[in-house]
Amino acid sequence: MTVTFEMNGSKDTEYTVQDVRNLNDFLLAKPTAEDLRGKPYDLDNDGVWSVFDLCLMKRRILEQRNMTTEFDFENKTVLLNSGYEMPILGLGTWTQDDDTAENSVYEALKDGYRLIDTAQYYGNETGVGNGIQRAIDDGIVTREEVFVTTKVMPSNYDRAYSSIDDSLERLGLDYIDLMLIHQSGSNDTEVYKALCQGVRDGKLRSIGISNYYTLDEYERVTSGGEIKPAVVQNENHPFYQNTEFQKDIAKYGTVVESWYPFGGRGHTQDLFGNETITDIAKAHGKTSAQIILRWHLQAGYVTIPGSQNPDHILENYSIFDFELTDTEMQRMAELHTGQRYENW
Ligand SMILES: NC(=O)c1ccc[n+]([C@@H]2O[C@H](COP(=O)([O-])OP(=O)(O)OC[C@H]3O[C@@H](n4cnc5c(N)ncnc54)[C@H](OP(=O)(O)O)[C@@H]3O)[C@@H](O)[C@H]2O)c1
């Protein structure tokens, strides 16, 4: 895909998404002012490049693409409005203790997953970090290849900024790929500002919010921050498809990420046993879980099925070898009843 934008207010230059990937490598090598002289990416920033410049540049590219956030099924990623690429399918770790999370994260990375979802509230950031470190030590992944999401716990909202450091320490990382406000709270606008500061300080790469379901709520919580959320993580599954909101925030390049892709523990059979889903599963020789996950991705939702069962973890990642037809997507869309399983 080729995009054009005006640089330095004077000339037009064409960039591709591949240029952006090359630029990542270039910046990670920490170029000096001399390295940058005469380079086409100069943003008139006095030769001092930061990750923030890179993000600004990528955001401009997205603006030129009208902020559309199409999924790249070949690379299994989406380019976020922050300029970073996010894997579109990941592992959820809610209800897993440190030891369980370490093992499921390790299994997932071995199977090809590159996105891991945790939260301060889950109490397993240490286990998640250990699983990642074990996979790095075994040569399965590099740190750069893994995208780690965590969330500020509501009881930490008064000390949101310092809680970023606590998460970094527990995860054993020197940056977090995506940090979310876990849910609305009395001072969440301030929490959002703290996350913006985390981006400026290089501790966070992308930021977002979770459990905000309307454009009004989205705009309220982010009103004090200069960065738009890259991601909104919400309950979302075939019975609850918040498509209007997805469209509303697409104009900001914000991607929706589904939690409870299967309806959550205790409810999965409602979805797995649904006649439409079992029917489509039969047609593809896939399981209901795989049909549901494939639907999430084709509907434009990043998703993070939770599992501590190695067989399920592998099964849930084996969804890139088939495609749902338009008719099947339509049948899935018709499953929406507005039913949510949680109310936070
Ligand atoms: N932001 C928020 O407020 C929020 C809220 C809830 C969840 N989340 C995140 O979203 C993630 C996903 O939600 P969730 O884990 O609660 O619910 P979920 O993904 O909808 O369902 C998880 C349940 O499905 C089972 N399962 C997974 N794969 C399966 C398969 N292939 N076949 C049969 N059963 C399967 C799991 O059991 P096994 O372990 O036995 O596989 C577990 O009981 C969480 O882990 C968490 O990271 C975020």
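Reader: Is Ala-108 buried or exposed in this model?
Author: In this predicted model, Ala-108 counts as buried, because 27 C-beta neighbours lie inside 10 Å of this residue, and the cut-off for being buried is 20 or more.

Reader: Where is Ala-108 found, and what does Ala-108 touch, not counting residues up to four places away in sequence?
Author: Ala-108 is found in helix H4, which covers residues 98-111. With residues up to four places away in sequence left out, Ala-108 touches Leu-91, Tyr-113, Ile-116 and Ile-313. As for Ile-313, this residue is 205 residues from Ala-108 in sequence, while the two C-alpha atoms are 6.2 Å apart in space.

Reader: Switching to the ligand, which residues come nearest?
Author: There are 25 residues around the ligand, and of these Gly-92, Trp-259, Phe-262, Gly-306 and Ser-307 come nearest.

Reader: Which helix gives the most to that shell, and how do the shell residues divide into nonpolar, polar and charged?
Author: Helix H13, residues 310-317, gives the most to the shell around the ligand, with three residues. By residue type, the shell divides into eight nonpolar, 14 polar and three charged residues.

Reader: OK, next His-182: where is its place, and why does His-182 count as buried?
Author: His-182 has its place in the loop between strand E9 (176-181) and H7. His-182 counts as buried because 25 C-beta neighbours lie inside 10 Å.

Reader: And what is His-182 in contact with, leaving aside its neighbours within four places in sequence?
Author: With those neighbours left aside, His-182 is in contact with Ala-119, Tyr-121, Lys-151, Val-152, Met-153, Pro-154 and Ser-210. For Tyr-121, which is 61 residues from His-182 along the chain, the C-alpha separation is 8.5 Å.

Reader: You mentioned H7; at what angle do H6 and H7 pack?
Author: Helix H6 (residues 160-171) and helix H7 (residues 188-200) pack at an angle of about 50°, and their axes are 8 Å apart. That angle makes H6 oblique to H7, and H6 passes H7 in a right-handed crossing.

Reader: Which residues meet there, and how many are nonpolar, polar or charged?
Author: From H6, Ala-160, Tyr-161 and Ile-164 meet Val-191, Ala-194, Gln-197 and Gly-198 of H7. The residues of this contact divide into five nonpolar and two polar, with no charged residue.

Reader: Last, the whole protein: how many helices and strands, and what percentage of the residues count as buried?
Author: The secondary structure comes to 14 helices and 13 strands, and 44% of the 344 residues count as buried. Among contacts with a separation of 6 or more, 71% are accounted for by residues 24 or more positions apart.

How values were computed:
Residues numbered from 1 in each chain as written. Predicted model: local features only at pLDDT ≥ 70, side-chain atom pairs only at ≥ 80, totals over all residues. Axes fitted to C-alpha atoms, helices over the stretch in contact; angles between N-to-C directions. Helix = DSSP H or I, 4+ residues; strand = E, 2+ residues; numbered from the N terminus. Parallel < 35°, antiparallel > 145°, perpendicular 65-115°, else oblique. Left-handed = near helix turned anticlockwise from the far one by under 90°. Contact = placed C-beta atoms within 7 Å. Nonpolar A, V, L, I, M, F, W, Y, C, P; charged D, E, K, R; others polar. Buried ≥ 20, exposed ≤ 12 C-beta atoms within 10 Å, placed from the backbone. Near = placed C-beta within 6 Å.
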